[in-house]
Amino acid sequence: MKFHTRRPIALAAIILTASAALTACGSDDGGDSGSDSGSDGGGELSMTMLPKNLGNPYFDTSTAGAEAAAEDLGIEIEEVGPETASPDAQVSYINTVAQQGKDALILSANDPEALCDAIDEARSADVKVITFDADTNPDCRDLFINQATAEGIAAKQLELISEQIGGKGEIAILSAAANATNQNAWIDMMEKELADNPDYADIELVDTVYGDDDDQKSFDQTEALLQNHPDLKGIISPTTVGIAAAARYLSDSSSKGKVALTGLGTPNQMREYVENGTVESFALWNPSDLGALATYAAAALANGDISGEEGDSFEAGDLGEFEVGADGVVLLGEPFTFDADNIGDFDF
Amino acid sequence: MTTTQSPAAPAAPTRTYADYSAPLWRRWLLTREMAVIALTVAVFVYATINVDNFDGPLTVKFLLQDIAPILLIALPMTLIIITGEIDLSVASIMGLSSVLLGVFHDSGMSIPAAAVLALLAGLACGALNGFLIAYVGLPSLAVTIGTLALFRGIAVGLLGTTAITEFTDKWSDLATNTIGESRIPLVMIPFAVLTIAFVVLLHFSTFGRGIYEIGLNDEAAHFTGVNVARTKFILFVLSGVVSAFAGIYFTLRYGSARGDNATGYELQVIAAVLLGGVSIFGGRGRLHGVLAGVVLIGVISSALRLESVTVNVTNIIVGLLLVASVILPSVLAWTSSRLPRKAATPPESSSTPNAASAGV
């Protein structure tokens, strides 16, 4: 009696198996011819772009740049990636690239070490590996496309603030956490440059405060800065959270237009404040150019035009010619300045 | 309790886990587990023929490496779900053992010593779950939602957003190397040993029979002499230890100890277990079905990645498969209960309810 309830399940199993098997056989020819016409080993290069995660406007912009470069070069590029920015999620995609035997992988690493085993495996399958935005250990990859150097970031911010305050007056820095390594390196370089460079002789750094990359705390610190230093002429905030919070405070205060603000920010966060006149200009790199440069570099490597040695040089379309530096690093250039004229071109 | 052979038994059993009136071959072949295995084989064959590079030499290695932690945790999870309980804290225990391995190793301890401490921490986590569920009598869903947050919180709290990535090559190679010249990862050896242990425990021991009895009716199980509390406690401890082992493997494979390691793995494990034919209400399920369920999800994700299908689509397909695997048997049972009734109503109406209500 009970057998009746088993039979339909068994029947379903057989139908499922049969239908799956039939589809497999039925499309056998199509599948084979598909892979033949896929021309993996042909003249056209095929690459994979693996950002830290998908659905991130910053990486959407870099991928758009990469796609434009790929079109210019006549190569095939596709973007894959995990939902969350974790290294283990990236490993399966790197493995997939090894299985597919692509010519190159362009990736922004979620961890400097954790991906190395998977990358080694891909490289032993003849995949060239180029990192951009976030590097891995230099031993694992072929090239790293660096968006900006610490020196470049420090110099750019001083240049912008000096321009905006007319080369003289009191300035302050609104940083992230007091123990943030990159922030402190930039601040040290800025202090040194202020002391050494005669162009900045009339600029005085009066205070450095920390907003801990917390929006409210950065907002409060901006208010405190303006109260403690009534003659303050400008603020540099080399962190995207800090600059946005400071801009929000300034745009509602009487200091709007009187106290200059610059630093590192993203166009989407800063658009409103550039348009209403609170902020004249700020810096970051151009992720679109970064993606494009990575693609040109990957193509040059995969074609054998360069080997990735220090001193190798290659053409990167409209971006010009680039040279490979020490440790296989290619520098995009000095940070990109966003202002009212160009901010409309960016969405990240 | 459900071994009644007579179809004319007056009280219709509501749920059964095996149909002992059918011949042995039929009990083995015409089951939901076999359906999952057949589907897995079919998808594998389909992918080999139709998906470019799926038949490449690297596929089996990567596939097994990816599913290894899920395979490991699915073993104790199957037993727990058969008792009608659930353990949602497994991925958090993985994360915690990962962090502990990293922190102890960073403080100068050798990997084996750090691994033993991480396993002990897993045992302690499992014992906490087990104590609250088995002896205090709290529902496992509530307890393990709590400990999911608790263990993850400790893991993230210990390391913050940093990662420990300094592991001796000797040990990380152990997690990524294969057996000799084959494509089978080394981790499959402890996995095979554990699988045999769990198969014996579940299918060939009185302890295992007790697990099914608890799932069908824990009060009845208690009166037939099953120590319900002790059984549940042991299962949660096993789950904690195996999860910690999976966490150690995960850490060494990726060479990175992070507090957020393996986030979300609990759902992948539970999905695979349910897909493999284990009833979420307890009392039903077999390990070979679960193993097939894990491999099926692994093969589908691997094939779809090779086809550059985004992870969202993979999730949708696995989700639909899961929903179908839960709904389909009920629909089939319902239709089968309709069909014979029409035919059989005039001659023997007394026996139809029995057939109709025998559970799936």
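**Close-up views of a predicted two-chain model**

**View 1. The annotated domain of chain A.** Helices (H or I, at least four residues) and strands (E, at least two) are DSSP runs numbered from the N terminus. An unreviewed UniProt entry annotates residues 49–304 of chain A as "domain: Periplasmic binding protein". UniProt positions follow the numbering used here, feature names are shortened, and annotations may be inferred rather than shown by experiment. The model is predicted: local features need pLDDT of at least 70, side-chain atom pairs count only at pLDDT 80 or more, and totals for chains, interfaces and linings use all residues. Residues are numbered from 1 along each chain as its sequence is written, chains are lettered from A and ligands numbered from 1 in the order in which they are written, and side-chain values use heavy atoms, with hydrogens and water left out.

**View 2. The disulfide of chain A.** The sulfur atoms of Cys116(A) and Cys140(A) are 1.9 Å apart and form a disulfide, a term that stands for a pair of cysteine sulfur atoms within 2.5 Å. The pair links distant parts of the chain, 24 residues apart: Cys116(A) belongs to helix 5 (residues 116–124) of chain A, and Cys140(A) to the loop between strand 4 (128–132) and strand 5 (143–146) of chain A. A disulfide is a covalent bond between the sulfur atoms of two cysteines. Over all chains, a search of the whole structure finds one disulfide. Cys116(A) is buried at 11% relative accessibility, and Cys140(A) is buried with a relative accessible area of 3%. Here buried means under 20% relative accessible area, exposed over 50%, and partly exposed in between (1.4 Å probe, protein chains only).

View 3. Asp142(A) and Arg123(A) form a salt bridge through their side chains, at 2.9 Å from N to O. Because Asp142(A) lies in this loop and Arg123(A) in helix 5 of chain A, the pair ties together parts that are 19 residues apart in sequence. Asp142(A) is buried, with a relative accessible area of 16%, whereas Arg123(A) is partly exposed at 27% relative accessibility. A further salt bridge joins the side chains of Asp135(A) and Arg141(A), at 2.7 Å from N to O. Asp135(A) is partly exposed at 22% relative accessibility, while Arg141(A) is buried at 4%. A salt bridge is a side-chain nitrogen of Lys or Arg within 4 Å of a carboxyl oxygen of Asp or Glu. The whole structure holds 16 salt bridges over all chains.

View 4. Asp111(A), Arg258(B) and Asp260(B) are linked in a network of salt bridges.

View 5. Helix 13 (residues 287–306) of chain B has 20 residues and reaches 29 Å from its first C-alpha to its last, close to the 28 Å expected at 1.5 Å a residue. The expected span is 1.5 Å times one less than the number of residues in the helix. Since 17 of the 20 residues of helix 13 of chain B are buried, the helix is largely enclosed by the rest of the structure. Arg305(B) and Asp66(B) form a salt bridge through their side chains, at 3.2 Å from N to O. Arg305(B) lies in helix 13 of chain B and Asp66(B) in helix 3 (residues 59–82) of chain B, so the pair ties together parts that are 239 residues apart in sequence. Both Arg305(B) and Asp66(B) are buried. Helix 13 of chain B is followed by Ser308(B), which has a positive phi near 60 degrees.

View 6. The unreviewed UniProt entry marks several spans of chain B as "transmembrane region", including residues 34–51 and 184–204. Residues 34–51 of chain B are 94% helix and 0% strand, with end C-alpha atoms 25 Å apart. For residues 184–204 of chain B, the content is 76% helix and 0% strand, and the end C-alpha atoms lie 28 Å apart. Ile184(B) is found in the loop between helix 7 (169–176) and helix 8 (188–203) of chain B, and is partly exposed with a relative accessible area of 33%.
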